[in-house]
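Please read the following report alongside the sequence and the coordinates, which are shown first.

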Amino acid sequence: MIEESLTISKRTSNRFFFLIGLGLVLLIVGIFITMNSGGGHHGGGGHEEAAAAGGHHAITWVNRLFANLWLNNVYFTGIAVIGLFFGAIQYVAYAGWSVPFVRILQSITAYLPFGAAVALIVFFIGQHQIFHWTDNSLFDTASPNYDPIIAGKAGFLNKPFFIIRMVVFYGAWIYFAWWLRKQSLEEDINGGLSYYHKSIRISAMFLVIFGVSSSISAWDWVMSIDTHWFSTLFAWYVLSSWLVSGLAVTTLIAIFLKQNGYLKMLNADHLHDLGKFIFGFSIFWTYLWFSQFMLYWYANLPEEVIYFKERFGMYNDHYSWILLFNLFINFALPLLVLMTRDAKRQVIMLKIVCFAVLFGHWMDFYLMIMPGTLRGESGLGFMELGTALIFLGVFLTLVTRKLTSASLIPVNHPFLEESMHHHV
Amino acid sequence: MTNKKYILGVYDDEDVLLHAIDKIRAAGTKITTVFSPYPVHGIDDALGIERTKLPIAAFLYGCCGLAFALWMQIYMLGFDWPMIIGGKPHIALPAFIPVSFELTVLFTAHGMVITFFIISGLYPRIKVPVMDVRSTDDKFIMAIEVQEGKTDIKKLDTLLRDNGAIEVNEKEVAK
């Protein structure tokens, strides 16, 4: 009676493949455009380049391709791992309200194995295009490139340890996602409380591991791009960006399922609570953004403030509008649109905000990754659109495949009945 | 001073009470209020109580707080007594944001509490008539105001009892 199984029509899954195909075509077109126009470009910003990182390699379409691959992989990996993180929080908090979308949270983790593969491949091939510190001569005292600051970080920022961390983190996340899902699926068949109690223990273990791994992955995958620079709250900043995106994806999938006649037990009260989380974490993101910004602005130390200089004012104001746009779309828009109770209960308002913050946080990662990799020569064109579409298509294919593989409602979840009567 | 007279239906079960509210309202009787030892889910909807407009007031208080904070800082540090702090401009907006945030919250919180007291008619040393002390323990008390000449007390008594009231009492309250 309560059990619902999703079927994805051939047309829909073809659309996802079409997204991937379209992305590939756009990417190739973009590469050709960049190849033909890239040569004349990089002469202009020479002095700024030197100020940025010390690297003097010309920026070509290869750099741009790898930066884009890395950007999208970090973004979608974050969304996927938030499914696991938020789901684990629901277990340890004994939460009842979240039962209708437990399976959505489990399903968005389906991207993780693909993300792990892409991360490893991109790192092995494109490490020099993305990470300045992978240049061995920086650590060699005899070399003219020797950089004492980066060399001082060698105990942490070295390739073997970096790869070990990446493999361990992805491995742990994939394993815990599989382990939690296994409990949930067996609970569907056998019922009883034992699976729920075991899920709580697994979730508690995962949350401890995630506390460390989310921080270090943010330093490794995003912050180490600007190798000289560091921020003590950067890990939280990345986590908050991931959280908002992950919750927006969960909400959107729930809304689309509901509008296609699935998830009958999901009502405005559940959406209201999801809306509150998106609203709250958007403000949390802004709080971290501002905390990071204000201390650097106030202290005005050259080695710290360079991060914001690059993103606001430098490179002929290349990134300035994005910085302001991010504050608008990730803070002002959700704050004002989702402030009232009615807005959080209306599907159309939630949809507008979810799409907006998903784009906004993609742009947030763009602003974190691009200035350190491409300096003033990044763009928003066919290459960016194409890569994003490929990843989106893959993400949707993997997630919907996982969604169809089990009932959309965990039929023997102990809080199923409570969630049906959820009322705020 | 006239006294107000109430018919009090005493209930001892939440579900019975919620169904009774629906039926009694459907019968055309206006329920003044219900006293309950704890918040009952869905009772606001059942009683037809409109949602509070307090959030709108809160938003306006917040805007006042924000405007006041910005005006205060810009006027004080920019015009009245300009000082150079940390080599920053006199009107340095990033430095103003924490204070602006705090004053927004302060105005919103105090404004909401004061407004709530005023619209609820609460003031110091107010005497609140207690309809039935058991509503602070384990009973739900439904109060229906008796309008002289209009309300049929006998009929109301049976209506309440038919819908699960364990007792029906009358109480006069000095206005």
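## The sheet of chain B

In this predicted model, chain B contains an open sheet of 4 strands, arranged in the order β2-β3-β1-β4 and paired in the antiparallel sense. The edges are taken by β2 (33-35) and β4 (167-174) of chain B, each of which has a single partner strand, so that one side of each is left without a neighbour in the sheet. From one strand to the next, the twist averages 30 degrees.

Within this sheet, strand β1 (residues 3-11) of chain B and strand β3 (residues 140-145) of chain B are joined by 6 bridges in an antiparallel pairing. Gly9(B), for instance, has Met142(B) in β3(B) as its bridge partner.

## Domains of chain B

Chain B is divided into domain 1, which comprises 3-51 + 125-174, and domain 2, which comprises 54-119. The C-alpha centres of domain 1 and domain 2 of chain B are 45 Å apart.

## Helices of chain A

Helix α16 of chain A covers residues 382-404, and at 1.5 Å a residue its 23 residues should span 33 Å; the end C-alpha atoms are 32 Å apart, which agrees with that expectation. Because 17 of the 23 residues of α16(A) are buried, this helix is largely enclosed by the rest of the structure.

Ser215(A) is placed in helix α8 (residues 194-221) of chain A. With 16 other C-beta atoms within 10 Å, Ser215(A) is partly exposed, since a residue counts as buried at 20 or more such atoms and as exposed at 12 or fewer. The C-alpha atom of Ser215(A) is separated by 7.0 Å from that of Trp236(A), although the two residues are 21 residues apart along the chain.

Methods:
Residues are numbered from 1 along each chain as its sequence is written. Chains are lettered from A and ligands numbered from 1 in the order in which they are written. This is a predicted model: local features need pLDDT of at least 70, side-chain atom pairs count only at pLDDT 80 or more; totals for chains, interfaces and linings use all residues. Helices (H or I, at least four residues) and strands (E, at least two) are DSSP runs, numbered from the N terminus. The expected span of a helix is 1.5 Å times one less than its number of residues. Domain bounds come from an automatic or database domain assignment. Two strands pair if DSSP finds at least two bridges between them. Axes are lines fitted to C-alpha atoms, for helices over the stretch in contact, and angles run from 0 to 180 degrees between N-to-C directions.
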